[in-house]
Amino acid sequence: MRIAIIPARGGSKRIPKKNIRSFCGKPIIARSIEAAIESELFDHVIVSTDCQEIAKIARDYGAEVPFVRPAELSNDVATTRVVVNHTINWVNDNLGDVEHACCLYATAPFVTAKAIKQSFAQLIEVGTDFCFTVTSFASPIQRALFMNDAGHVEMFTPHQLQTRSQDLVEAYHDAGQFYWGKAEAFLRGDIMYSNHATPFIVPRYQVQDIDTEEDWVFAERIFLAGRM
């Protein structure tokens, strides 16, 4: 069995009702649900939430909400991994054994069914436990700067000052869209940022963390520009 798990608790503070706020005319969680369903990879697309309003919208767009997320998994300190594992265990106990799970964030409006399918194919082909989205840094991280106690500029890696840009190793960061994995690897607590995982590279113009109002506006502008 393959399942999609979309964590979506109700207590967002920086952006109120973040998971169901309208993003270019549609609740943002709906875009993740629709991408998962369109991929045709999943036996169940499950939203894990503690909020009845989120649950109703999730069901309206075709997702399942078969349980109310426990309060101890709905606070600010509960990690995504424990939420994913809770869902996998619930499905194992109630619907059958899970082989692969994909944790898909509710606020990932750039995710596509094509990317979900291609990344799963990559996971199977490479044979690792996990596959998740990454994107490249816009500038070489070896040239990164910080302000010291005196307020002056310093390099994190000053020995790289004279290295040519083309000789610097390209660096990537988590794109924050989705995380494929073997159910048993999630439950064991295996570390994802390791040789247990294969990275699925997405272009920078399809990646945007949404943590502030400024992030939201910027993401909508990129989204709308991509549809022109």
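In what order do the six strands of the open sheet lie, and what is their pairing? The model examined here is predicted. Its open sheet has the strand order β4-β1-β5-β9-β6-β10, with mixed pairing. The edges are formed by β4 and β10 (197–201), each of which pairs on one side only. On average, neighbouring strands of this sheet are turned by 25 degrees against each other, direction ignored.

Within the sheet, β1 and β5 run parallel and are joined by four bridges. Ala4 stands opposite Cys102 in β5. Helix α4 packs on the sheet, where it touches β1, β5, β6 (130–136), β9 and β10. The direction of α4 makes about 150 degrees with that of β10.

Helix α1 comprises residues 28–39. From its first C-alpha to its last, α1 reaches 18 Å, close to the 16 Å expected at 1.5 Å a residue. Because nine of its 12 residues are buried, α1 is largely enclosed by the rest of the structure. The buried residues include Ile28, Ile29, Arg31 and Ser39. Just after α1, Glu40 takes a positive phi of about 60 degrees.

Ser32 belongs to α1 and is buried, with a relative accessible area of 0%. Its side chain reaches the backbone oxygen of Tyr105 at 2.7 Å. The contacts of Ser32 and of Ile6 are set out below, leaving aside residues up to four places away in sequence.

| Residue | Residues in contact |
|---|---|
| Ser32 | Ile6, Leu104, Tyr105, Ala106, Ala108, Val111 |
| Ile6 | Ile29, Ser32, Ile33, Val45, Ile46, Val47, Ser48, Leu104, Tyr105, Ala106 |

In soluble globular proteins, nonpolar side chains tend to be buried together. The largest nonpolar core of this model has 34 residues. Ile6, Ile29, Phe42, Val47, Ile116, Phe178 and Trp180 touch the most other members of that core. The elements that give two or more residues to it are β1 (2–7), α1, β4 (44–48), α2 (52–60), β5 (100–104), α4 (113–126) and β9 (172–182). A second, separate core has 19 residues, among them Ile5, Ala101, Cys103 and Ala183.

Methods:
Residues are numbered from 1 along each chain as its sequence is written. This is a predicted model: local features need pLDDT of at least 70, side-chain atom pairs count only at pLDDT 80 or more; totals for chains, interfaces and linings use all residues. Side-chain values use heavy atoms; hydrogens and water are left out. Buried means under 20% relative accessible area, exposed over 50%, partly exposed in between (1.4 Å probe, protein chains only). A polar contact is a pair of N or O atoms within 3.5 Å; within protein, one must be able to donate a hydrogen and the other to accept it, and residues adjacent in sequence count only if both atoms are side-chain atoms. Contact means heavy atoms within 4.5 Å. A nonpolar core is a set of buried Ala, Val, Leu, Ile, Met, Phe, Trp, Tyr and Cys residues joined through side-chain atoms within 4.5 Å. The expected span of a helix is 1.5 Å times one less than its number of residues. Two strands pair if DSSP finds at least two bridges between them. Axes are lines fitted to C-alpha atoms, for helices over the stretch in contact, and angles run from 0 to 180 degrees between N-to-C directions.
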